[in-house]
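Have the sequence and the 3D view ready, and follow along.

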Amino acid sequence: MPRWLKIGTGIISLLLVGVLAFGAYWAFRLQGNISKAALGAGSDKTEAAVNDSNDRMQILILGSDSRDGKNSQYGAPDDAAGYGHSDVMMLMDISADNKRVSVVSFPRDLLVDTPKCTDQKTKKQFPAQQDVMINAAMTEAGIGCAVDTVNKLTGLEIDHFMMADFNAVKELSNTVGGVEVCISDAVYDPDSRLRLPKGTSKVQGEQALAFLRARHAFADGGDLGRIKAQQGFLSSLTRKMKSDGTLSNPVKMLEIADVVTRNLTIDEGLASIPTLLTVGNRLKNIDVGKVAFVAVPTVPAVSDPNRLQVAEPAASQLFAAMRKDIDLTDPTAPPSPSASASPAASASASPTPSEKAPAYNKALQPVTVANGSGTPARAQEITKVLTGSGFTQINQFAADPVASTAVYYGEGFADVAADVASLLGIPAKQVLPAGIVGVQVYVGSSPAGGAKGGTPSGGAAVDLPDDIVNQTAGDVVCQQANPALITR
């Protein structure tokens, strides 16, 4: 072999060894960073594992308020008992064709019913609870209980979760060089220590964390204002990463991956570097106008005006749209071609009389007629049909206007709801689970479907409030400052 060829071969060999060693180092380092936890807390799984490349995928994103380790400066460990609280809870839904993403926020103050949960580490069981704040779902039994709670509320079956702590926000915002945010007036929030001038500012490190944690700085000082601010921050971060080409830059992606994995807890199914890279790769080409940020519709809770409860029928309409894989930015668009409804979603969205448990006494079933038609006679007609069939525990009230009639049901009342819908001529696709007790017939203004008072059989599969999307990642939104905290 000529001398020059020997030298060239040696150099190439050294380069290959170097590249392989570099790759092995980073793979080992990133994999070693990852912390793992169980996806569920004892609930039965009805769906097969998703294909991480081309199946519709739902990832529950949680922000932990843990005060351990690097987070000790934000309070004592006792401030976050047990596994801590998930003070940020967002469900990211990636379409099968990788053309759209929905990010649905759940307010921390939302009162929900939690299922029975088993701590997968200690195997200790915790009973189901009613009317507890959703951010406390993981406190006793771990992250899996938060996942099971969201599944119970929405009728979905979440595929993965990611939980980050305070430090993740600071380090990520520093790594990307800061994130631009906007506020209507100069503001100072002494609780989060957020101080911003009027207009657009770039925040990173402690100020980025303060922006996301601030509970009183925005709108009326409640949780919904904070959610909109968090969505605005994520929208700006999305635009920055796409415009900077970060998602296509291997060196920058390694930096971000290092930061994220050091501050992240994820489920077993997601806990490999190739899987995380696959998910990241799915997101890089999505149009920012198709990244929709939504908040679960809520109203002040009846039991506690300082807490929230889901607003019906808007919340059930949102969850039904999610189960049907509806594009929230364009509800008239067809679902992704390769997407398919899950067995669990189909069963919960369309109960039929044949699925009934043992026979029940109609006279004991609580049925409410919520009249959103604007015509008092409609409620009277439906009540007459129901009482004539043996349902005697019926209440009525005037409700917010809606177009189509639907039947909503609480846990344990799917069979009753199916019979009520059949009696009134309401299609099964408009029978939806909700966070209520009993059954509610929400009467819409559309013409009756036949003589029984249902909705037209050719109507839309899902009605959605016009303002269900707060913003897309393509929208530059300036947050409204809380008047009580405006500085001059």
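A disulfide here is a pair of cysteine sulfur atoms within 2.5 Å. Going by that rule, this predicted model has two disulfides. In general, a disulfide is a covalent bond between the sulfur atoms of two cysteines. Number the bonded cysteines along the chain and you get the pattern 1-2, 3-4.

**The pair Cys 117 and Cys 145**

- The sulfur atoms of Cys 117 and Cys 145 sit 2.1 Å apart, and the two residues form a disulfide.
- This pair links distant parts of the chain, 28 residues apart: Cys 117 is in strand β6 (residues 117-118), while Cys 145 is in helix α2 (residues 143-154).
- The torsion about the S-S bond of Cys 117 and Cys 145 is about 75°, so this disulfide is right-handed.
- Buried or exposed, what are Cys 117 and Cys 145? Both of them are buried.

**The pair Cys 182 and Cys 478**

- Cys 182 and Cys 478 form a disulfide too, with their sulfur atoms 2.0 Å apart.
- You'll find Cys 182 in strand β10 (residues 179-183) and Cys 478 in the segment after β23 (469-472), so the pair ties together parts that are 296 residues apart in sequence.
- About the S-S bond of Cys 182 and Cys 478, the torsion is about -70°, so this disulfide is left-handed.
- Cys 182 counts as buried because its relative accessibility is 15%, and buried means under 20%.
- Cys 478, on the other hand, has a relative accessible area of 32% and is partly exposed.

Key:
Residues numbered from 1 in each chain as written. Predicted model: local features only at pLDDT ≥ 70, side-chain atom pairs only at ≥ 80, totals over all residues. Heavy atoms only, no water. Helix = DSSP H or I, 4+ residues; strand = E, 2+ residues; numbered from the N terminus. Buried < 20%, exposed > 50% of the residue type's maximum accessible area, 1.4 Å probe, protein only.
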